[in-house]
Amino acid sequence: MLFSSISFLYYFLPVVLILYFVVPFKFKNFVLLIASLFFYFYGEPIYTLLMLGTTISSYIHGLLIDRFRGTKWSKVFLISSVITSLLVLGFFKYTDFFITNVNAIAKVDIPLLKIALPIGISFYTFQTLSYTIDVYRGEAQVQKSFVRLATYVPPQKDPAKLALYISLFPQLIAGPIVRYTTVEAELKERTHSLENFAVGFNRFILGLGKKVLIANTLGELCEIFRASDEKSFVFYWVYALAFCLHVYFDFSGYSDMAIGLGRVFGFHFLENFNYPFISKSVAEFWRRWHMSLGTWFRDYVYIPLGGNRVSKLKWFRNTLVVWFLTGFWHGADWTFIVWGLYFALFLLLEKFFLGKFFAKIPRVFSHIYVLFVVAISFVIFNANGMGQAISDIGGMLGMQNVPFFNGETLYYLRSYGVVLLLGIVGATPLVKRAVEKFRETKVGDWILTIGEPIVQIALIVVITAYLVDGSFNPFLYFRF
């Protein structure tokens, strides 16, 4: 079930909100847990058992890690937890990738398993890993109760906490990757208020608008480019721009919706995006893009490997390992691995050379450099194989036998130009800063206070019309 669907917006969410705010606090976690399990079951009936199995594994491993703390067995159970989680992820996500490569290298014909990828498995696997690792490190308190749905347990012994943390529907299928330590206290006790509801609902509507009105429309343009037989040099660049904005508004819009829903229910999830396209370096870009994933790899892979407090050779290795895994996490294809290592290359270049160079020249050139690097990266990301990636990049560099500009390019620029312009402006903090500046005035604060509900209602009406009318409503990270 997508957040940007009629079934979620007009059936599932209203029922959950009514039940959640009607019941006493001692039952709220149970309402959310049941709602979250139903939410996942609606899209993945069979794989709901897999998610529950992963939760049970983390629960048992957490108990064992804590029970044998201070002995070698604690580490043994940590390793067992990590291996179990990664084996499950590897089996469902990467089996056919490995079989395909073995077939190509060994010239054999092992049949593919063609296993359907469980929704959100990459996200909830990383959450279960962070839970057991944090328990081992002593950074999180072990959860000693699990789920007894038919029994009331006082809030301080609430058995739903661990299962709810992993299955919580606002962030279940596409993040942000929420760590147990972030919401541990709020699983036990949290504040509900009209202000939290209003702020959360406003954030949700904003994210929904970004997803449906901008991301979906730009996604259509990308599909048109892919199907076109009359490409031009300019059209290749329009496509690169459209896809960069599409993936940004798609994923950041979903994060806004998740953070907003979390706030409605009293949870404070951490931010996941911070205007990455205004960055002056690739390193800064990745501090602003998918922040929960970047910090996860930093804290659970990069730093344990030694981070940058090692020899240059080992630091070089650590960087390559992290970005190989970052790319591979995104998908079982060589394009994703190349995409991750591509960023590793520029991060290394910035460290040893480019960073010093761009510090000496006007900032506009460093911005152009980042936008160029990112545009090429997402062309690789979206390609169906490295052959198509090379072909698309060749078109962007003028190496394809296509005209510089043609009538078809002009037609689609006219058709999608307004949305592209809205996307460009919306990907910067300009609108946010203008609104904040306007709110500082007495008249501006009054207008915004009155106008916000009107704008929200108008957005809901327009979004609903789009969802009822349109059939193009994918979510790029839905099956990550």
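Helix H9 gives the most to the lining of the largest pocket, with eleven residues. The model is a predicted one, in which local features need pLDDT of at least 70, side-chain atom pairs count only at pLDDT 80 or more, and totals for chains, interfaces and linings use all residues. Residues are numbered from 1 along each chain as its sequence is written, and side-chain values use heavy atoms, with hydrogens and water left out.

**Largest pocket**
- Two or more lining residues come from each of H9, H10, helix H17 (407–426), helix H18 (430–439) and helix H19 (442–469).
- Its lining (residues with an atom within 4 Å of a point) comprises 48 residues, of which Leu206, Lys210, Tyr275, Val431 and Lys432 lie nearest the centre.
- By class, this pocket lining holds 23 nonpolar, 14 polar and eleven charged residues; Ala, Val, Leu, Ile, Met, Phe, Trp, Tyr, Cys and Pro count as nonpolar, Asp, Glu, Lys and Arg as charged, and the others, Gly among them, as polar.

**Cavities**
- There are two cavities of 30 Å³ or more, a cavity being a set of points where a 1.4 Å probe fits but cannot get out.
- The largest cavity contains about 40 Å³ of space and is lined by Leu13, Leu17, Phe197, Phe201, Phe204, Leu261 and Val264.
- H9 supplies the largest share of that cavity lining, three residues, and the lining has seven nonpolar, no polar and no charged residues.

**Charges over rings**
- Arg67 lies over the face of Phe68, at 5.1 Å from the ring centre, and the charged end of Lys351 sits over the ring of Trp315, 5.9 Å from its centre; the rule asks for NZ of Lys or CZ of Arg within 6 Å of the ring centre and within 35 degrees of the ring normal.

**Overall form**
- The protein has 19 helices and zero strands, taken as DSSP runs numbered from the N terminus (helices H or I, at least four residues; strands E, at least two).
- Along its principal axes, the C-alpha trace spans about 70 × 65 × 50 Å.
- Buried residues (under 20% relative accessible area, 1.4 Å probe, protein chains only) make up 51% of the 480 residues.

Technical notes:
On a 1 Å grid over the protein atoms alone, a cavity is a set of points where a 1.4 Å probe fits but cannot get out, and a pocket is an open set with protein on both sides within 12 Å along at least five of seven lines; lining residues have an atom within 4 Å of a point. Grid points are joined across faces, edges and corners, and a volume is the space filled by probe spheres set on the points. Buried means under 20% relative accessible area, exposed over 50%, partly exposed in between (1.4 Å probe, protein chains only).
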